[in-house]
Amino acid sequence: MTECFLCGGSEAKQCPECENVYSCTNHLYIHKPDKVCLPFRVGYEKEKGRIVIATRDIKAGEVVLTDHPLVEGPGNRSAATCLNCLASVSTADPSSCSTTDPSSCSTADCTSCSRCGWPVCNAACENGRWHAIECSTLAKLDEKPDFQLEVCSEYSAIFALRVCILAKQKEVREKLDFLMDHADDIVKEENFEELWSKGLQLIAKVDGLPYSGLRGVGIFCTNAVSMPHRNGRWLYPTFSFLSHSCVSNCRFYPHPGQMVLVRAQVDIKCGDEITISYLEPGLGTVLRKPYIENMWYFSCTCTLCTDPTELGTYFSAMTCRKCRDYVVQQNLLADEVWQCNKCKMTVDCKTMHTLAKTLHNQVKQVAEKNEVEGMIEKLSDLLHPNHFLLLALKEKWVKFHHTERQDLETGLKYVSDIIRIRKIMEPGLTLNLGENLKLLNQFMLNLGRMRLSAGEISKEEFMKMALGAASNIKFANKCFEGLS
C-alpha cells in the first residue's frame, strides 16, 4: 500500500524512520509530530466510513494519535460569551484574559467588538484567532442579536459559520470534506427548528460560502468534541476519524495547548481498528444503545451492544417476577422482546426501556448516604446484582466518609464489585480503574489498621497488605499517565 496514510493520495513516500506508512508532503507532520512516528493509518469500511487502523503492535499506555483543533466555537445552546475565548459575559470586573491561554478566562466585562458589535473580553480577544474567522462577516449584517437573553439562539450559527468560512481555504476544505455530517438525520429531530433555525437564518444571509449552513451544523453535531471548561466545542480533523466502541481499546483527553491526545488502554495488534468511546462508561445497553443512536445517528454493533448478557455481566438484566431468574433482551440488533432465561416470560422493549429510564432518573437524584443505602436495598430485589444502576449507587456510596468497621467492610466489597465489573466493560489502563484502586487502598488499609489494633492480624500480615496497596498505586499511576 503506497497511498498516503491519511488522505489516500498516490504521491506518497515511505516514512524513512518507521517504514510503516507512506505519506504525502502535506500530511507528514500528522504522522510525525514532535519527531515521533505515530502508529496509525486511515482506512475505510462501508458501514462505518473512515476508520483508524494500527500500523504496528501498540503497547498499552502508548500515545496513538495527537491532534490540534481546526475549529473552536460556542455550543449551540449558549448565553452570550466572548467569541474568541468563550468566557461568559458578566458585568463583574473582567478577569485577565490571554488569547494564548483561553482557559484562564472565567468571566468577561461586557465589551463589544469595535468592528462587528458581538461580545469579546478585550482588545486581545477582539483580534484573537477564532473571532477573526467570522468578525468581518458579522460586521456586514444589519441586525444584532439580543445578547442579554439567557440563551442567545444566534450563537448556534458561530461554529457552523466558522466551518463554512474556513472551507474557502483549499487545505482546510480537503480536511473538512472527509467528515460526515448526518444532515438528513439532523433535520428530522423534533427540536431541530428550536435549536438551529435562528443560526441557519443568520448563515443564509452570508454569500459565497462553499458549504451550506446545514453542512456546517452537521459537522458540528457529528464531529465536535465538548470542552471540559467551557460551553464550547473543538473540531479535531484527524481525531474525528476514530470510530466508537463501548469496549474501546483507547481513551482520549484534552492536553495543554488545546491538543487532544489518544492513548492505548490495552495492547493493540497491527491491523486492528483503533477505537474510542464517545460517552462515559456506566450505562447499561438498555439505555446506552438508544442514547448513541439519538446522539450520533448510528446503531452500535460492538461486542457489548450485541451480547444479550453484556459480556457475562448482565449489566441491564432485571429479576423475573415469576421465577426470580433474570430477564434479558434476546436480540439487541432487532429490538426484540426481553425474556426470562428460565421460565421464558416476556416483556416488550418499550416497557423495559421506560422502567430503566425512570429508575435511572431516581438514582441520579439521591444524594445522602441514607438515601443511597435505601435505594440499594430497594433495587437489589428488582435488578441483577451486577446491574448498572446498583453499580452507580455503590460508586456514590464509596465516596462518602466512612469510619465504622461495618462500613469499611461494605466499602471494600463494593469497590471490589466495581473493579470486577468495570474491568470487563472498560478493560486496561483506564481512569476509572486508577480511581477505584485508590479507593480500594483506602478501605483496605483503614480496615487493616482496625484489625491490627484489635489483634486480629499480625504486623507481618498488615505489611503484606501495605505492599499490595503500593502495587495498586503503581498500577493506578500508569492509568493516570499523561494527565496534566
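**Sheets, helix packing and selected loop residues**

Strand β11 and strand β12 (residues 232-235) pair in the antiparallel sense over two bridges, where two strands count as paired if DSSP finds at least two bridges between them. In this pairing, W234 of β12 is the bridge partner of V225. Strands here are DSSP runs of E with at least two residues, helices are runs of H or I with at least four, and both are numbered from the N terminus. The model is a predicted one, in which local features need pLDDT of at least 70 and side-chain atom pairs count only at pLDDT 80 or more, while totals for chains, interfaces and linings use all residues. Residues are numbered from 1 along each chain as its sequence is written, and side-chain values use heavy atoms, with hydrogens and water left out.

The pair β11 and β12 belongs to an open sheet of three strands, in the order β6-β12-β11, with antiparallel pairing. Strands β6 (71-74) and β11 (225-226) have a single partner strand each, so one side of each is left without a neighbour in the sheet. Helix α8 packs on this sheet and touches β6, β11 and β12, its direction making about 95 degrees with that of β12. Contact means heavy atoms within 4.5 Å; axes are lines fitted to C-alpha atoms, for helices over the stretch in contact, and angles run from 0 to 180 degrees between N-to-C directions.

Helix α8 (residues 213-223) also packs with helix α7 (residues 192-204), at an angle of about 130 degrees and with the axes 10 Å apart. That angle makes α7 oblique to α8, since angles under 35 degrees count as roughly parallel, over 145 as roughly antiparallel, 65 to 115 as roughly perpendicular and the rest as oblique. The contact is made by F192, W196, L200 and I203 of α7, together with G213, L214, V217, F220 and C221 of α8. These residues divide into eight nonpolar, one polar and no charged; Ala, Val, Leu, Ile, Met, Phe, Trp, Tyr, Cys and Pro count as nonpolar, Asp, Glu, Lys and Arg as charged, and the others, Gly among them, as polar.

A second open sheet has four strands in the order β3-β4-β16-β13, and its pairing is mixed. Its edge strands are β3 (40-45) and β13 (243-244), each pairing on one side only. Strand β3 pairs with β4 (residues 49-54) in the antiparallel sense over six bridges, and R50 in β4 is the bridge partner of Y44.

Turning to burial, eight of the 10 residues of helix α13 (residues 388-397) are buried, with buried meaning under 20% relative accessible area, exposed over 50%, and partly exposed in between (1.4 Å probe, protein chains only). The buried residues are F388, L389, L390, L391, L393, K394, E395 and W397. Their cover includes α9 (285-296), α11 (349-365), α12 (369-380) and α14 (405-425).

Some loop residues complete the picture. L311, in the loop between α10 (303-306) and β17 (318-319), has a positive phi of about 60 degrees although it is not a glycine. L311 is partly exposed, at 30% relative accessibility. K344 lies in the loop between β19 (338-340) and β20 (346-347); this residue, again not a glycine, has a positive phi of about 70 degrees and is partly exposed, with a relative accessible area of 47%. G117, in the loop between β9 (111-112) and β10 (119-120), is partly exposed at 22%. Leaving aside neighbours within four places in sequence, G117 is in contact with S112, K144 and F147.
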